[in-house]
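Please open the structure in your viewer and keep the selection panel at hand. The tour below goes from stop to stop, saying at each one what to select and what is there.

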Amino acid sequence: MEWYSLLPPIVAVIIVLWKKEVILALLLAIFTSELLLADSGAGVVFHGAIATLERIIAILGSPGNTRILMFSLIIGAVLAFMRHSGGVTAMVEYVISKGLGKNKRQVAFMANFTGMAIFIESNLSVLTAGIVSRGLFDRYKMSRAKLAYIIDSSAAPICILVLLNGWGAFVLGLLSNYEFEQSAAEIMWGTILLNFYPIIALMMVWYTAFTGNLHGPLARAESRVAHELEHKHEFEPTKARFMFVPLLTMVLGMIGFMLWTGNGNLADGSGSKSVLYATVCACIVAYTMMLSTKKFTHGQLVKIGFGGMGELLPLVTIVLLSLTLGASLKILGTGVYVAQIVGDSLPVFMIAPMLFLAGAFIAFSTGTSWGTFAILIPIGVPLIQALGLPPSFIIAAILGGGVFGDHCSPISDTTAVSAIASGCELLEHVKTQLPYALFGGALTLILYTLYGIAFL
């Protein structure tokens, strides 16, 4: 692998910082990657442009990718149905009347708890937390950026700590290919207390929710909302069931379909299939409930549904291009190159910190923590076996690095879904969450270094 494999993610970062335009940045990054993959010679630019289009088309050839895109669109219709029915407004009024959301602290903890409670799938977790909390955040004039930060920094960390989900099954599958003194499951569970970044991320969310103190761009975003006019309901309240029933359908459907696709084993279930099927069921339920009131016609509901999808189309485009860039960079070998740099000539106590940084950079550059695990675990395990390193410690550094990189990346699908769920602009979410993620990452790096010095 060569140094030029780093050029596409560098191009993406430069364009985002310069033009504040994610879609253009992703397109140019994909084009750069395809230029590097193309044969040099006459017409290389033309062939690079054609290859870019074909790479995007190829992404749609993957059933898993297509499900993610369909789910991202359909959830727009579900959200629109919930809003137009008056169910969201009614749910907000109901929660407040029951004393469950009496102040900003309670509302922030509610978003955090919801994001942590549904740990079987990260996208479902942020969606549920976002849907439940959006109206309450608006009611108390709390910024959507704060909501996006809370749900994003609650969902992924709890998913990588609990591991009773698709992430856990994936990591277990990777570890099962190697021989250790412990079982793969014991190593995986041993990572929980050593996975410092997600623990720190959750602690920062709890600090933010309890104290209400905000820092950096997030504080400025909150200040702007605080000076806006008095909050008014977008739609008049009707019945809370118009929000609650579709939401419950989605959550229970997700669990049911995870069991079904996993042949009775929740951890073996397909996350992409389950979240799509559950969202479709929720959409049908919401449509049927609204139609049964006779206040909406079929034509009106179709218009509302497609209007909701249209609102999310820019973010869905970002998800599509993120998947495309990840696929192109995999062929180019960007992740492997970064990992090889980190693996060369390191003192033993620095192996975990450097694997954490490598995981962060790969996840940031490619937008996928799963791909990061797939690249780094086969590199980390030989180091464990050759140097007699504690397996859970090294694997924890890799897992934490993937989540840290995801939190910093504007091309991560979890970042995009968090923006969708909270109704926050993607770049604002990245900008406001970044200082928190960087602080947590720096603290994690120090802890891994100190642990390595003390115990290795």
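Is S369 buried or exposed? At 2% relative accessibility S369 counts as buried, where buried means under 20% relative accessible area, exposed over 50% and partly exposed in between, with a 1.4 Å probe and protein chains only.

Before going further, note that this is a predicted model, in which local features need pLDDT of at least 70, side-chain atom pairs count only at pLDDT 80 or more, and totals for chains, interfaces and linings use all residues. Residues are numbered from 1 along each chain as its sequence is written, and side-chain values use heavy atoms, with hydrogens and water left out.

Keep S369 selected and show helix α18, residues 369-387, in which S369 is placed; helices here are DSSP runs of H or I with at least four residues, numbered from the N terminus.

**Second stop: α17 against α18**

Now select helix α17, residues 351-366, together with α18: the two pack at an angle of about 165°, with their axes 10 Å apart. Axes are lines fitted to C-alpha atoms, for helices over the stretch in contact, and angles run from 0 to 180 degrees between N-to-C directions. The helices α17 and α18 are therefore roughly antiparallel to each other, since angles over 145 degrees count as roughly antiparallel, under 35 as roughly parallel, 65 to 115 as roughly perpendicular and the rest as oblique. Residues making the contact include L355, G359 and I362 of α17 and I375, G380 and L383 of α18.

Move on to helix α20, residues 413-422, whose axis comes within 9 Å of that of α21 and crosses it at roughly 110°. That makes α20 roughly perpendicular to α21. To see the contact, display T415, A416, S418 and A419 of α20 with L426, H429 and V430 of α21.

How many salt bridges does a search of the whole structure find? It finds four, a salt bridge being a side-chain nitrogen of Lys or Arg within 4 Å of a carboxyl oxygen of Asp or Glu.

Next select E34 and R55, whose side chains meet in a salt bridge at 2.7 Å, N to O. This pair links distant parts of the chain, with E34 in helix α2 (residues 22-37) and R55 in helix α3 (residues 44-59), 21 residues apart. Both E34 and R55 are buried.

Finish with D138 and R144, a salt bridge whose closest N and O atoms are 2.6 Å apart. Here D138 counts as partly exposed at 24% relative accessibility, and R144 counts as partly exposed at 23%.

Key
Contact = heavy atoms within 4.5 Å.
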